[in-house]
Amino acid sequence: MSKEDQESLRQENKSSHDESQSKDFEKEEKSLFNANELKDGQQEYKCLLIVNESKEAKLTLYIYPVWSLFCKVSESSKIIQPNERVLHRKETGFKFEIVANFGGKRETKKLLGPLKWVEDKLIKVTEALDCTQENLANFPEEKRVCLRKIYRRKELKTTCGGLNLYEILGLNMKENRKKNIDDQKAAIKKAFREKMRIWHPDKNFGDHEIAMQIIVARETLLDDERRARYHNEADYDAGWLSLRRFKAIFWPECFTDKQNEVYWRRIGLLTLSLGITVGGIVLTACTAGAAAPPTVVFGAIFGSGFIGGGIQSFMHAVNKESIVDECDVKSWLLKLGIGFAGGAITGGVAVGITAGVVGIGKVALESGTIAAGQFLGVGAGTGAVGGVASSLASDAGRAFVDGENITAKQALLRAGCSGVIGAGAGALGGLATQGIVSRQASAATATLQGDIGEQVVVLTGARRLGNTLAREVSRQLAESGTEAIMGTATQFVEERLDDSVENQHPMEHVVRGVKNVAINAVKGTAVQGAGTLVSHGINEVKVKRQVRHTAECNKTVIRRKARYDLSLENNEHRANWKSVKGSSSYEPICQPTNVSTNQPDDDESQATTPTSDEGEADEPQEGTIKYISEGAWLSKMIITYSLNGEESEAVESDSDSIVKIPAGATQIEVKFKVSRPSWGDIMKYDRFEKTWCKPDEPHVFRYEKPPIRTFTVSGGLWWEAVMRVSDEYHEETREMS
């Protein structure tokens, strides 16, 4: 912070000095109260407070189960940056170890442990990397500050790799974006003044780090170009299951002429990538069943190359950096070339393996005669090659185009993991294909005999489409499910082998794996189904051409005969290299990028601080009530209040909703309802004694003036309750009504 900014902050503090003095006694009581709360209310947690005073070393705190004998595979880990402090809490006992990491400049150095937790400790690592240990009970203020920041991170939404800028200011991002630009800026300025009254570093409970976050949020959101950039990044981070990501890709906010120019260039490259991918799919579909082996090889190499290049360049055009900053044409071309090379290698090796095992073109074995072991071998081989090639191509793009620091060890490790995943997925996909083919062949034999019967059963257009969909979709489901499961296990292993990333708890990997299975199944079914429909449509066009000049009375029979002839011409009854090709969708673990950081850098640290007029503005204080829903059922918050003799009501059912209460409001009531499935009141629960209050009554909180509160509702399948109520400092208020 510059000297001018600091002086301005001091002037603002001086103007409100009298008001601050009048509240000192109340806040001192609050401090004592919180110290007692830490002593009594947090006994269920085992705590370690790690303070890193070194200038270069990053500390990694490894947590192991208390029963672990050798402490080689951590349960979780936390990276502590230089001049940072971290509080680790756990309800059960644990073992811990502290290791210093120097970012590849030096070998890692074990500083402490593994040790078993015996008591709450403050562990300080000095600049000389010496460790000192003291009883944490002697440092209640340090623990309270860390707890406050822990709960603040839980209660504020995370966006763009950091805390949401709107929530830092106590605003609802969704509602504020609906306003016109002038009203948005007015709300931002007002919220900034309110937050600085709380977090100014010269005030009681003030915090310099949080104050700087508030200043950066204000400066970012008041600048039109930076605000549009932040909105696009936030929309993209909503994920593929949200319409907001598609809005960021196809209809982003563009405030300046340069942003519009960059947008239209990116859309042009995106369209070209899509065209190249579709061209590769069509080329592969048209040549996969050709009789001439050279044609099959040509289609496999160039079709897969176009698909690989198109997909990689397409993903470059829709990644966050391209949307938020710029999609560079040179980088796009490099991604296209790298993807083409990876895809061509995959297709060439895959068709070679298929030719060696079951043959290709007119010399390929009939599908019904291929043994399960042959399907498994082809699937595993092509899947392994696809996994390795796609991983190396992805890492090459990230290293040579995106400029990421990827070591040879990391690239080989990821390639090996992807190969294993691809082999497993391809093997199961091959077995699934073999099972479907065998059942279809048996059904055709058992139902009708002879050529006419085979034409009726196999060559009816709908029946052919159904058989193809069953075969391709079953294979895709087997492959995508295996990829998701094995990918989750591989990510767990890679985390433990890479010192540069934090280790997540095993249950987080399990939850992510279940989600990935569902997402991959839906995505794979949609993609494979679309490809099958396109291929079937092309085939039906060929059928119509052959029967165009046929007599009316024979069209139905001859259409089936034409379809049968085309199936023989396309070798649909023989093994198809494309049908048993495996691939890997494994994504390596990487630290989240933060394009619009919430932490001030050297330039942002000089952000403009409030002028004396802004700091001294005497305005009535609004109330802010935030609602967080963590329960299993749909719930909502209902707020009623009286303003100028009129009753008003606000209802919010979305988690992380923020409601502003007018400054003059009185008789404020906050209550909650849950739907299981009919709506009913959430009953009063003593979250400290962990028991329901008697007699049964709805849980209602009442205030005579607008408060600043955050209510967290959580529960299970059979109950919902208010489990936390925090104030403007993100500390438990211990209110019950």
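**View 1. Counting the salt bridges.** The count comes to 34 salt bridges, a salt bridge being a side-chain nitrogen of Lys or Arg within 4 Å of a carboxyl oxygen of Asp or Glu. Side chains of opposite charge can pair when their charged atoms come close. Keep in mind that this is a predicted model, where local features need pLDDT of at least 70 and side-chain atom pairs count only at pLDDT 80 or more, while totals for chains, interfaces and linings use all residues. Residues are numbered from 1 along each chain as its sequence is written, and side-chain values use heavy atoms, with hydrogens and water left out.

**View 2. R148 meets D207.** Here the side chains of R148 and D207 form a salt bridge, 3.9 Å from N to O. The two sit 59 residues apart: R148 is in helix α4, and D207 is in the loop between α7 (181-199) and α8 (208-222). Helices (H or I, at least four residues) and strands (E, at least two) are DSSP runs, numbered from the N terminus. R148 is buried at 2% relative accessibility, and D207 is buried too, at 8%. Buried means under 20% relative accessible area, exposed over 50%, and partly exposed in between (1.4 Å probe, protein chains only).

**View 3. Two lysines of helix α7.** K185 and D224 join in a salt bridge at 3.3 Å, N to O. This one links helix α7 with helix α9 (residues 224-236), across 39 residues. K185 is partly exposed at 22%, whereas D224 is buried at 18%. K190 pairs with E622, their closest N and O atoms being 3.2 Å apart. K190 lies in helix α7 and E622 in the loop between α21 (612-616) and β11, so this pair ties together parts 432 residues apart in sequence.

**View 4. A four-stranded open sheet.** The strands run in the order β14-β11-β20-β21, with mixed pairing; two strands pair if DSSP finds at least two bridges between them. At the edges, β14 (657-661) and β21 (720-726) each pair on one side only. Strands β11 (residues 623-629) and β20 (residues 708-715) pair in the parallel sense over 6 bridges, and K626 has T710 in β20 as its bridge partner. Helix α4 (residues 140-155) packs on the sheet, touching β11, β20 and β21, where contact means heavy atoms within 4.5 Å.

**View 5. A salt-bridge network.** What links R177, D235, R244, K247 and E253? A network of salt bridges connects these residues.

Technical notes: Axes fitted to C-alpha atoms, helices over the stretch in contact; angles between N-to-C directions.
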